[in-house]
Structures are given as C-alpha cells and as structure tokens.
Amino acid sequence: MNESKTAAAILAQVRRAVVGKDEVLARVLLAILAGGHILLEDIPGVGKTTMALAFSKALGLDYNRVQFTPDVMPSDITGFTLYNKEAGRMEYQPGAVLCNLFLADELNRATSRTQSALLEAMEEGQVTVDGVSHPVPRPFLVIATQNPAGASGTQPLPDSQMDRFMVRLSLGYPAPADEMDMVRRRQGGNPLDSVEQVVDREGLLALREKAGAVYLSDEVLDYIVRLVGATREHPMILQGASPRATLALAAMAKAAALVRGRDYVNPEDVELVFPDVVPHRLILSPRAEGDKSFDPAAELLARVSAPRIG
C-alpha cells in the first residue's frame with residue numbers, strides 16, 4: 001500500500017466515528033505525519049475527544065486524556081518519584097503524558113505551571129522529574145483543546161505555547177444532515193467500536209520518515225521563507241511568525257505532497273497548509289483585531305507571489 005492509499009485508509013477509519021469533518025480530519029493527519037502537535041479551538045461537545053480516540057485506534061497508539069482544571073498539578077502530567085520501601089529506593093511513577101497520543105482537554109483552564117510542564121514533553125520529547133529525564137514514547141503527539149477566548153475560567157495560552165502547536169484547527173458545529181447521520185450511527189452502538197487499526201506505531205514512524213524525505217526545491221523553500229517573512233513586515237501584524245513557523249510550514253507542505261502521491265513539494269502544497277500553520281502564531285494590531293474582514297492568511301498569500309515550477 002503506497003503512502004497516499006495508506007492515508008486514505010486511515011481517514012476512512014476515522015470517518016466511521018467523526019461525521020462530516022473530512023477537511024479538518026485531513027489537516028490533523030497531515031500534522032501527525034509532519035510530526036507536529038495540534039491545537040483545537042472549539043466549544044465543548046463537538047467531537048474532539050472522539051476524533052482523538054479514532055486516530056489513536058486507526059494508528060495503533062497508546063492514548064491518555066487529561067481534563068485540565070486549575071487544580072491539575074504538573075506531576076499529574078509528568079509523573080513523580082515515590083519511595084519503594086521494599087526495594088529501598090525511589091522509583092519513577094509515569095505521568096499521563098507518557099503515551100503516544102496525549103489529549104490535553106481544555107488546556108487553557110490549567111495554571112501556567114501545569115502548562116509549562118507539558119511544554120518540555122512537546123518540544124524536547126522528554127519530561128524531567130527530580131532532575132532525571134524520562135523520554136516519552138515514540139511516536140508522540142499532543143492534541144490540545146482550548147475554549148474560545150472569554151469563556152469562563154479560562155486564560156489565553158501564552159505565545160510561547162501557541163508557537164509549539166504546528167496547526168490550529170476548529171471542528172465547529174456539524175451540518176444538520178451530518179448531525180442526523182451522527183444520531184443514526186449512535187443508535188447502532190458506539191461508532192468508535194467500528195474503527196479498525198490501519199498501521200502500527202512503527203508504520204507511523206515510517207510514514208513520518210517518508211514525509212521528511214520529500215524533496216523541497218530552493219524555489220519552494222524561498223517561497224516559504226518569503227511568506228513567513230511577510231508576516232514580520234505587514235503593518236497590521238504587531239508580531240510576525242518565528243523561524244519555528246518556517247520549519248512547521250515546510251514539514252506540513254512535505255506531508256501534503258506525500259499524501260497527494262508526490263515525492264516533491266510544489267507551491268500548491270504550501271498554500272494548502274499555510275492558513276492552518278501560521279495565523280495562530282501572529283499578534284495582530286488593534287486595528288486588525290477590530291476588522292472582522294481581515295484574514296491574515298489570505299492577505300499574505302495574495303501579497304507574496306508563488307514561483308512557477310516546471
């Protein structure tokens with residue numbers, strides 16, 4: 001089975017549990033193949049947990065979920081050391097993040113200390129407890145959810161944490177026909193029970209390796225750098241995207257090319273993923289915040305000319 005057929009088979013299994021959100025599911029899979037973490041900004045009850053569980057089953061991943069509240073401690077995430085009287089030594093007790101797919105539900109309800117505990121695992125692939133580092137299993141990814149700004153009991157995620165998410169997505173409300181289909185499927189049992197495994201952990205790591213090996217020409221790389229650079233010069237953007245955004249955009253474009261059945265990136269791959277990779281990293285001016293018609297992704301894609309390939 002080639003990579004594009006494998007990706008289609010994974011999405012087909014996830015769609016058994018998540019109805020009518022094909023475009024969002026495709027972006028989530030691209031981020032997984034690109035080795036990134038995913039931020040879902042949504043109201044409760046639209047299927048975020050179901051989606052994460054469906055991907056974990058289709059990809060054969062160990063899954064943990066934490067519902068974040070102000071009283072969740074950093075040790076709940078990273079683990080802690082406990083004295084074993086029989087063995088006469090301190091022993092590490094793994095935390096919730098020691099898994100393949102970690103769902104951080106309502107992350108913006110947690111304290112900044114607890115959020116920071118998750119950062120090391122996301123960025124470094126390890127947690128440090130009492131001065132000892134413990135690697136997280138491979139592959140590892142975080143799907144975090146946050147409630148929309150202004151929801152009770154929430155605080156905005158800091159810029160440093162937002163920047164560590166490869167993409168920001170939203171499931172949103174289902175269309176009426178999809179909502180009816182969802183109810184019909186529930187009448188026959190839990191749709192998650194019908195999701196079958198397509199690849200195992202080693203298979204996902206191999207897919208990630210193939211995505212990373214997709215060819216990126218200097219012309220397309222220059223286009224990526226110019227797009228990110230344009231965020232730093234736009235008059236309605238106070239703080240542009242960091243070099244981490246450049247790396248994320250390149251990785252996502254490579255994954256898009258792989259899923260589309262190519263071993264090279266073209267400008268259309270970059271344009272496909274740009275709106276999901278870059279805007280959440282930007283700090284807009286008050287004027288831009290007040291202008292509901294201002295779409296930074298569309299504006300930047302229109303301003304920066306794409307190269308002609310072939």
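1. A residue counts as buried when its relative accessible area is under 20%, and as exposed when that area is over 50%. The model is a predicted one. Val-142 has a relative accessible area of 0%, so it is buried.

2. Val-142 belongs to strand S8, which covers residues 141-146. Apart from neighbours within four places in sequence, the residues in contact with Val-142 are His-37, Ile-38, Phe-102, Leu-118, Met-122 and Phe-165. Arg-184 is 42 residues from Val-142 in sequence, and the two C-alpha atoms are 31 Å apart.

3. The protein chain is divided into domain 1 (3-194) and domain 2 (214-303). Their C-alpha centres are 24 Å apart. Domain 1 brings 18 residues to the contact and domain 2 brings 19. About 1600 Å² is buried between the two domains, with 61% of it on carbon and sulfur atoms.

4. The space in the largest pocket is about 950 Å³. Its lining has 34 residues, and those closest to the centre are Arg-168, Pro-279, His-280, Leu-282 and Glu-289.

5. By residue class, the lining of the largest pocket has 14 nonpolar, ten polar and ten charged residues.

6. The second largest pocket holds about 470 Å³ of space. Among its 23 lining residues, Gly-35, Gly-36, His-37, Met-122 and Glu-123 lie nearest the centre.

7. Which helices supply at least two residues each to the lining of the second largest pocket? They are helix H5 (112-124), helix H8 (201-212) and helix H10 (243-259). H5 provides the largest share, four residues. The lining of the second largest pocket consists of eleven nonpolar, four polar and eight charged residues. Domain 1 and domain 2 each contribute at least three residues to this lining.

Notes. Residues are numbered from 1 along each chain as its sequence is written. This is a predicted model: local features need pLDDT of at least 70, side-chain atom pairs count only at pLDDT 80 or more; totals for chains, interfaces and linings use all residues. Side-chain values use heavy atoms; hydrogens and water are left out. Buried means under 20% relative accessible area, exposed over 50%, partly exposed in between (1.4 Å probe, protein chains only). Contact means heavy atoms within 4.5 Å. On a 1 Å grid over the protein atoms alone, a cavity is a set of points where a 1.4 Å probe fits but cannot get out, and a pocket is an open set with protein on both sides within 12 Å along at least five of seven lines; lining residues have an atom within 4 Å of a point. Grid points are joined across faces, edges and corners, and a volume is the space filled by probe spheres set on the points. Ala, Val, Leu, Ile, Met, Phe, Trp, Tyr, Cys and Pro count as nonpolar, Asp, Glu, Lys and Arg as charged, and the others, Gly among them, as polar. Domain bounds come from an automatic or database domain assignment. Buried area is the accessible area (1.4 Å probe) that two parts lose on being put together, summed over both.
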